[in-house]
Amino acid sequence: PGVRRRACRLLRDLDLESVHAAAVAELLVDLDVGVRMQAVSFLRGGAVQAYASQVVDLFKDTEPVVRLAACQTLEAMGKAVTEPFFDDLVGLLEDSDRSVADGAIAALGHFSATRVLIPLLEEDICVSPALQALTLCAEDVELHASLISKHLESAVAHDRAAACKILGAHGKASSKFASQIAVLLDDSGEVAVLLEACTALRKIGEAAWPFARPISELLAHSHKEVREVAAATLASFGEASKNILLGRLESEQIVVREYACKAFALMAEVSPDVLKTVNELLEDEEYEVRSAACSMLATRKEAALAYLPSIAELVNNEEEDCRCAACDALAVFGEAAAVYAVDITDRLNDDFESVRVAAASALISTGEAASRAEIFARKVIDDEEWMSVRLVSCKALKGLTGETSNSVREAVKRASQHQDDQLRKLAQEVLTSLSEDADDAADAAVASEAGNHSTSRLCTPLLGATLGE
C-alpha cells in the first residue's frame, strides 16, 4: 500500500493526471484507506472529469478522510461537472463527520447551488448546513430573502447568525428586514448573532440608522469583537449617530467612552465640536480613554493641529498605552510635531518595548532621526532584549545622508553580520546607502579639487603677466 500511495502522490506532483488517470481510477476501490484517499486526490482537475461518478461513489466510503477528499475532488472539477451531483453533495450536509459536512457546505456554496439548498429550507430539512452554504453563495439568494428572513427567529443561534449574514450580504436590497435584524441586538448571550446582526445593519445602511441607539448599547459589551463591530457600524452611519456617540463620551463606563472615541476615529468626517469634546478626554482619569482620544485626534491630522500640544503632553504620561499612543499620533502629524523631538527622544529609553518603537517611528516621521544618529546606532547594537527596537533604529539610520561618524558605520557593520535575517538585510541596505553617499561625496571632492587645479592653471599666466607689469 505504501508504494501505491507514494506512486499516486508522485504522479500528481508531476502533473501526469491525464496520462495515468485510468490506472489511478482503479485504485478508488483499493482496500487501503490511504491509497483510496491518494487516488481520489489525484483525480482533481479538469483533465480527469470523466471519473466524476466514480469519485461520487466514495461519498459512501466508511472513512471520513476519503469522503472529504472525494467532496473536494468533485468541487475541483468545476461547476459544469459538479452540478449533476448537487443532490449527492446535499446528502453529505448531515454527515456524521463535521469536516465532511463542511466540505459539502463549501462546495455547494462555491457553486451557488440555490437550486438544491432553498428547497431544504422550505421543507425544513438540514436547515443549519443549508443556511451555512447559502452564506457562501454569491448569487440568486436575493430572490429568496423572505424565506431566509424567517430564520432570524430560529431557536438555533447559529441559524439566526447565518440568516443575518445572508441578508446583510445584499446590502440595501435587504432594507425591509432591518427592523427584524435589529431585534437581534438584544441577543446578548450569543456573540455570533450580535456580530452578524451589527455587520448586516452596517451593510444595509440608511434604513438601519434608526437603530443607532441600540447598537451603541453594545459599546459596553464584555466581548471586545462585539464592541469593535458596533463602533464600526456606528461610524458608518456618520452624522446619524453623532449625537448618540457624543452622549456616550460622557458615559460612566470606561469602555463606552473608549469605544465611542474609536467610533469617531473611524468616521469619514467629524465636526469641530466632536474634536473639541474628544480633546477634553485627553485628561480623562482612565488611561484607556486618554489613549483612544489621542488616537482619534491623530486620524484628523490637519483639523486637529490645534490639539497637538495636548497630545504631546501624553508622551510623558505615567501609562505605557498613553505614551505609545501619543508617539504614534505625533508620527502621524509628521514635521508639525518636530518641536516635541526632545521629549520623544527620551522615550527611546522607555521601560516598554512598544513605546521605544513608537518613539523611534515618530522621530523618523518628524524628520528628526538623522540628528540622533549616534543614539540610534547604539540602539542597533545594544538593545539586545527587543529586536523590534533594533530594527526600527536601523531603519532610522537608513535615511542618513552626507558624512557619517565612524561609530555609526561600525554599529551598522556589526548589525550587517547579525544572525537575525531581517536585521542583517536592513543593515546591509543602510551600509549600501552610506557607501553611495560616501562615494558621491568623494566624487564631489575630487571634482572640486580638479576644478581648483584647473582654475589655478588658467589663472597662473595671467597672474604672472600682472606681476610682470
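How many residues of the lining of the largest pocket are nonpolar, how many polar and how many charged? Keep that in mind while you set up the view.

This is a predicted model, in which local features need pLDDT of at least 70, side-chain atom pairs count only at pLDDT 80 or more, and totals for chains, interfaces and linings use all residues. Residues are numbered from 1 along each chain as its sequence is written, and side-chain values use heavy atoms, with hydrogens and water left out.

**Stop 1: the largest pocket**

Select Glu258, Lys262, Ser291, Ala292 and Ser295. Among the 17 lining residues, these lie nearest the centre of the largest pocket. A pocket here is an open set of points on a 1 Å grid over the protein atoms alone, where a 1.4 Å probe fits, with protein on both sides within 12 Å along at least five of seven lines; lining residues have an atom within 4 Å of a point. The volume is about 250 Å³, taken as the space filled by probe spheres set on the points, which are joined across faces, edges and corners.

Now colour the helices α16 (224-237), α18 (254-266), α20 (287-298) and α22: each supplies at least two lining residues. Helix α20 gives the largest share, six residues. Helices are DSSP runs (H or I, at least four residues), numbered from the N terminus. The opening count: nine nonpolar, two polar and six charged residues. Ala, Val, Leu, Ile, Met, Phe, Trp, Tyr, Cys and Pro count as nonpolar, Asp, Glu, Lys and Arg as charged, and the others, Gly among them, as polar.

**Stop 2: salt bridges**

The model has 17 salt bridges, each a side-chain nitrogen of Lys or Arg within 4 Å of a carboxyl oxygen of Asp or Glu.

Select Asp350 and Arg323. Their closest N and O atoms are 2.7 Å apart. Asp350 sits in the loop between α23 (341-346) and α24 (353-365), and Arg323 in helix α22 (residues 320-333), so the pair ties together parts that are 27 residues apart in sequence. Both ends are buried: Asp350 has a relative accessible area of 1%, and Arg323 has 8%. Buried means under 20% relative accessible area, exposed over 50%, and partly exposed in between (1.4 Å probe, protein chains only).

Move to Asp421 and Arg424 in helix α28 (residues 421-468), three residues apart, or about one helical turn. Their closest N and O atoms are 2.4 Å apart. Asp421 is partly exposed at 44%; Arg424 is partly exposed at 22%.

Zoom in on Lys242 and Glu239, with 4.0 Å from N to O. Both belong to helix α17 (residues 239-248) and are separated by about one helical turn. Lys242 is buried at 13%, whereas Glu239 is exposed at 62%.

**Stop 3: the nonpolar core**

Select Leu108, Leu117, Ile181 and Leu397. They have the most contacts inside the largest nonpolar core, which has 162 residues. Such a core is a set of buried Ala, Val, Leu, Ile, Met, Phe, Trp, Tyr and Cys residues joined through side-chain atoms within 4.5 Å.

Centre on Leu108. Beyond residues up to four places away in sequence, it touches residues including Phe86, Leu93, Val116 and Cys137. Contact means heavy atoms within 4.5 Å.

End at Val116, in helix α9 (residues 114-122). Val116 is buried at 6%.
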